[in-house]
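Please examine the sequence and the three-dimensional structure shown below. The report that follows treats ring contacts and then the arrangement of strands and helices.

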Amino acid sequence: MAHIHIPKAWEDRNITPIEESTYRHRRQFIKELSLFGIGAAMSPALLAHASREEAPNFTFEGQEKYYPAKRNDRYPLDRKMTKESVATQYNNFYEFIHPKDPNIYNVYKYVHTFDTSDWTIKVGGMCENKGTFHLGELIKEFGTEERTYRFRCVERWAMAVPWTGFPMAKLIAFLQPKAKARFVRFTSFANRNQMPGVLNQEWYPWPYQEGLSIEEATNELAFMATGIYGKPLPKQHGAPIRCVTPWKYGYKNIKSVVKIDFIRFQPKTFWNSVTPDEYPFVSNVDPGLPHPRWSQAEEYMIPNGRKRPTLKYNGYGEFVAGLYE
């Protein structure tokens, strides 16, 4: 396994958050959310709009053989797959919110300056295999497979997409956490020069961080995604690597991971730090546990806004319910 220990200039993650007693709330627009609002957001005119997203610029020799990957049929869908053209444009990535375009689903227009080449992940904390690992070497080590998962946003919209990547459990086993490590903390890339949202939203506690218990991270559903729709991840989807935990709300699925730490105590996480009463650490999909500002009993399929009853654990109870008994 190759290791890279020389950080590049753009790898500085030490961004100091600026405290502010009042800040623009993460989801102000949700107050106006309705079936018709979702339908309008994904109008044919929007879907016809050409994306400015360029081809992913993360490459390594032989990358092409990992996409598309063979599908793992253990996780079948109960709904139609969301069209790629829809999923490519209907996603949010707060690091790329542009000050002149507050629509959080327009981030695909502003990712073209994001450099995802020569990507490395720094690993530290309570584990045996610390170091800095090149993503290409991790993909070569673990291989790739495709999984079709349901995706549920805390805002009630839902999709179904085919992720490519490798089980998180394989990565955790390779890194060899120590017995006292009880949680895994993930950190996203954050750079003011490449990300207008980081530059212009200094009141947020950048960089974005999320966490899982060791038991959650080693559950068979937990996934490290490097691709979607049979191709490497587009930048707006969290290129070149992100976490996917399909039984949890989408904000737990941290994008563009650059750091992993094994720690003893539950970590602080981005949205839980901002609004703890609305975004708890666990954040499992649960129709019986309403968000303080809206019910979670129903979800709305993108792009047509069709209502569906929300499934507990997003329908993956057979795999994860035992974690929470």
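## Charges over rings

The charged end of Lys-252 sits over the ring of Phe-281, at 4.2 Å from the ring centre. A charge is taken to sit over a ring if NZ of Lys or CZ of Arg is within 6 Å of the ring centre and within 35 degrees of the ring normal. Likewise, the charged end of Arg-150 is placed over the ring of Tyr-316, 4.3 Å from its centre.

The model is predicted: local features need pLDDT of at least 70, side-chain atom pairs count only at pLDDT 80 or more, and totals for chains, interfaces and linings use all residues. Residues are numbered from 1 along each chain as its sequence is written, and side-chain values use heavy atoms, with hydrogens and water left out.

## Aromatic pairs

The count comes to 31 aromatic pairs, where rings of Phe, Tyr and Trp (its six-membered ring) pair if their centres lie within 6.5 Å; planes under 30 degrees apart are stacked, over 60 edge-to-face and the rest tilted. Phe-183 and Phe-281 form an edge-to-face pair, because their ring centres are 5.9 Å apart and their planes stand at 80°. Phe-183 belongs to strand β5 and Phe-281 to the loop between α8 and β11, so this pair ties together parts that are 98 residues apart in sequence. Both Phe-183 and Phe-281 are buried (under 20% relative accessible area, with exposed over 50% and partly exposed in between; 1.4 Å probe, protein chains only).

Tyr-204 and Trp-271 are also edge-to-face, with centres 5.4 Å apart and planes at 75°. Tyr-204 lies in the loop between α6 and β6, and Trp-271 in helix α8, 67 residues apart. Tyr-204 counts as buried because its relative accessibility is 1%, and Trp-271 is likewise buried at 1%. Ring pairs join both residues into a cluster whose members include Trp-203, Trp-206 and Tyr-279.

## The sheet and its helices

Five strands form an open sheet of mixed pairing, in the order β2-β1-β10-β5-β6. Strands (E, at least two residues) and helices (H or I, at least four) are DSSP runs numbered from the N terminus; two strands pair if DSSP finds at least two bridges between them. Each of the edge strands β2 (131–134) and β6 (209–213) has a single partner, so one side of each is left without a neighbour in the sheet. Strand β5 (residues 183–188) pairs with β6 in the antiparallel sense over five bridges, and Val-184 stands opposite Leu-212 in β6.

Helix α4 (residues 135–142) packs on the sheet, touching β1 and β2, contact meaning heavy atoms within 4.5 Å. The direction of α4 makes about 75° with that of β2; axes are lines fitted to C-alpha atoms, for helices over the stretch in contact, and angles run from 0 to 180 degrees between N-to-C directions. Helix α5 (residues 168–175) touches β1, β2, β5, β6 and β10, and its direction makes about 60° with that of β10.
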